[in-house]
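We will go stop by stop.

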Amino acid sequence: GEGFYGGVFWAAVAEIDGKKQIVGVNGGFQTSETAFRSRGLYVIPQFAGKGLGTALLKTTIDWAKKEGFETVWSFPNL
């Protein structure tokens, strides 16, 4: 709807072979007056299991709460 956010995006960055590279991402967008959807959570396999996905999701949830959203939801898949 009109006035909804176009979306936000976060990235986890790590140094690999001397270069900073994005190793994980999450984004989201407003789906109603009170709801925000987390979408696109991904961490590259070599960084899986290190807490990056959790940190990215927590960042999304914390941001949405700060912006006044009552609900944060996701439709996860493999």
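Asp-17 sits in the loop between β1 and β2. Check its backbone too: phi is near 50 degrees, a positive value in a residue other than glycine.

Before going on, know what you are looking at. This is a predicted model, in which local features need pLDDT of at least 70 and side-chain atom pairs count only at pLDDT 80 or more, while totals for chains, interfaces and linings use all residues. Residues are numbered from 1 along each chain as its sequence is written, and side-chain values use heavy atoms, with hydrogens and water left out.

**The whole chain**

Switch to cartoon view. The chain has 1 helix and 4 strands. From the N terminus on, they run β-β-β-α-β. Helices (H or I, at least four residues) and strands (E, at least two) are DSSP runs, numbered from the N terminus. Now show the C-alpha trace. Along its principal axes it spans about 45 × 20 × 20 Å. The chain has 78 residues, and 29% of them count as buried.

Select residues 52-66. This is helix α1, with 15 residues. From its first C-alpha to its last it reaches 21 Å, close to the 21 Å expected at 1.5 Å a residue. The expected span is 1.5 Å times one less than the number of residues.

Which residues of α1 are buried? Select Gly-53, Leu-56, Thr-60, Trp-63 and Ala-64. They cover an arc of only 100 degrees around the axis, which puts them on the same side of α1. The arc is that of the directions from the helix axis to the C-beta atoms. The buried residues of α1 pack against β1 (8-16), β2 (19-30), β3 (35-43) and β4 (71-73).

Pick Thr-54, which has 60% relative accessibility. Draw a distance from Thr-54 to Glu-70: they are 16 residues apart in sequence and 20 Å apart in space, C-alpha to C-alpha.

Stay on α1 and select Asp-62. Asp-62 is partly exposed, with a relative accessible area of 36%. Its C-alpha is separated by 9.7 Å from that of Val-72, 10 residues apart along the chain.

Step just past α1 to Gly-68. Its phi is positive, about 95 degrees.

**A stop in the strands**

Select Arg-39, in strand β3. Which residues does Arg-39 contact, leaving aside its neighbours within four places in sequence? They are Asn-26, Gly-27, Gly-28 and Phe-29. Contact means heavy atoms within 4.5 Å. Draw one more distance, from Arg-39 to Gly-27. These residues are 12 apart along the chain, and their C-alpha atoms are separated by 5.3 Å.

Note on methods
Buried means under 20% relative accessible area, exposed over 50%, partly exposed in between (1.4 Å probe, protein chains only).
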